[in-house]
Amino acid sequence: MAKKNNSPKIQFVCSECGWTSSKWNGCCQNCGEWNTLQEIAPILHNSINSESLTDFSGRICAISQIDTQSEIRYSTGSGELDRVLGGGLVKGSIVLLGGEPGIGKSTLLLQICQFLGENHRILYISGEESGRQIRLRAERLHVMSENLLILIENNAQIVCDAIHAEKPDVVIIDSIQTMQITDISSTPGSLTQVRECTNLFMHTAKFLEIPMFIVGHVNKDGAIAGPKVMEHIVDTVLFFEGERHMSYRILRAVKNRFGSTNEIGVFDMQENGLQEVENPSQMLLSGRPVGVSGTCIACVMEGSRPILAEVQTLVSKSSYASAKRTATGFDYNRMSLLLAVLEKRFGLNYATLDVYLNIVGGFKLDEPAGDLPVALALYSSITDKIIPDSLIAIGEVGLAGEVRSVSHILQRVEEASRMGFAICIIPKQSLSAIPKIPGIRIFGVDSLRQAFTVLARLESEQQNPPK
Ligand code: TYD
Ligand code: MG
């Protein structure tokens, strides 16, 4: 009889996609990346013994009997962060804050310590910076709470001992890539270390019911280094992103066990730290050019929040055999589709022209409502007809050139009205959903052709203003 091998199997995990294999391979068979399979320490499973079965009486209960009243949330003092967390930090939850190095993760977490420190004790554990560096930064951010305790340490077991000893109300760990368990031979930041340290912190946080922020750096592809394994373990994954050369930053929830993942928070990085941006539309529209063809304003919903952004297009004669097309902040294939609709249905010839499309401010316009403003901007660019500055367009464009309705139309129109826009082109089907809003003219269109007619009408009105 073949001998049963009870020794735990060694496993290999892809650091990019989290795929596991029992054999090492040069190339991950799931995502195709090279040299990403790393050996991880085996997890020991006890074999089932019917005599020592656990007693579950009292632990298995009806869903209706589970208590929800005890969910306690702490406000972080930052309205934007609270919104992304789903209404504050939940007691006993683990929040992973990911982002590129230098984007402002440590700054954000240090800043919220001032407000949190008013009523709670915070233990800030850093494996990256010295106490002096943290203090200097805290002084710059005007964070001087007596309740903010600092520990410089990168041994995960000592960190957990310190949490057990201090029993703070909130723990911040900056960052997971610097933490290590000395019993594991791999280096800090490796897959095994990151996974095991996260597990250890998770158990500590859940056992003591202490909410915990863990900072994680992301690798070049935008995934948290050593990553998918970590995303499964934690309750909430937030990403802090932004263009390096721009001062504003966007905080998004990628996973949230305690709220929606649609919400975003907008911040502006200033000399004295991150300032909340309560009015992102205003920020994104500031400094836009007036009286130039090829631009149109769009409205994108970010969670429950409408945000206005400027679409800019430039169409110019190509000096290459095949014309160049680029799209920044907008889906490239969607742009090609809109160009094809404009060519086929309206005889506009973009074939020999380079087309550049940009959503100003590094913002992403990734929902169907962005089609109409993009199509109008492309039309404006090729015909050199200027779209009025006070106009905003909302709607999805179909392959037949029809304009289709989109969600949250009233909220979008109200945001446009609040921001002082006077003309709004929307899908005809949505007209009935909009009450009369003073100061804003609303045109319902059912096709791109009608939208172009509206533009022509506005142009002639401007040349011959009604008496
Ligand atoms: P930091 O929070 O250290 O980034 P991370 O922890 O994500 O690596 O942010 C550092 C950057 O933020 C650095 O480039 C300087 C800038 N910064 C400011 O512009 N103003 C400030 O008040 C602070 C503290 C940082
Ligand atoms: Mg940092």
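**Entry 1: the interface of domains 2 and 3**

I looked up the area first: domain 2 and domain 3 bury about 950 Å² between them, with 51% of it on carbon and sulfur atoms. On the side of domain 2, I find that Y248, E263 and I264 lose the most area to domain 3, and together they make up 43% of what that side buries. I note that the model is a predicted one.

I then checked the bounds. The protein is divided into domain 1 (8-44), domain 2 (71-278) and domain 3 (283-463). Taken over C-alpha atoms, the centres of domain 2 and domain 3 are separated by 39 Å. I count 14 residues of domain 2 in contact with 10 residues of domain 3.

**Entry 2: polar pairs across the interface**

I looked for charged pairs next and got a count of two salt bridges between domain 2 and domain 3. For residue pairs in polar contact between these domains, both at pLDDT 80 or more, I got three.

I asked which elements supply the side of domain 2 that touches domain 3. I find α1 (79-85), β12 (248-256) and β13 (264-270), each with at least two residues there. I sorted the residues of that side by class, and they divide into six nonpolar, two polar and six charged.

**Entry 3: the R305 and E80 pair**

I picked out one salt bridge by its residues. The side chains of R305 and E80 meet at 3.2 Å, N to O. The cut-off I apply is 4 Å from a side-chain nitrogen of Lys or Arg to a carboxyl oxygen of Asp or Glu, so the pair counts as a salt bridge. By this rule I count 17 salt bridges.

**Entry 4: ligand 1**

I turned to the ligand and asked how many residues surround ligand 1. I count 16, and the closest are G102, K105, S106, T107 and G273.

I then looked up atom distances for some of these residues. For G102, a backbone N or O atom lies 2.6 Å from an oxygen atom of ligand 1. For K105, I note a polar side-chain atom 2.8 Å from an oxygen atom of ligand 1. For G273, a polar backbone atom is 2.8 Å from an oxygen atom of the ligand. I record G102 and G273 as backbone entries and K105 as a side-chain entry.

Terms used. Residues numbered from 1 in each chain as written. Chains lettered and ligands numbered in written order. Predicted model: local features only at pLDDT ≥ 70, side-chain atom pairs only at ≥ 80, totals over all residues. Heavy atoms only, no water. Domains from an automatic or database assignment. Contact = heavy atoms within 4.5 Å. Buried area = accessible area lost by both parts, 1.4 Å probe. Polar contact = N/O pair within 3.5 Å; in protein donor to acceptor, adjacent residues only side chain to side chain. Helix = DSSP H or I, 4+ residues; strand = E, 2+ residues; numbered from the N terminus. Nonpolar A, V, L, I, M, F, W, Y, C, P; charged D, E, K, R; others polar. Near = heavy atom within 4 Å.
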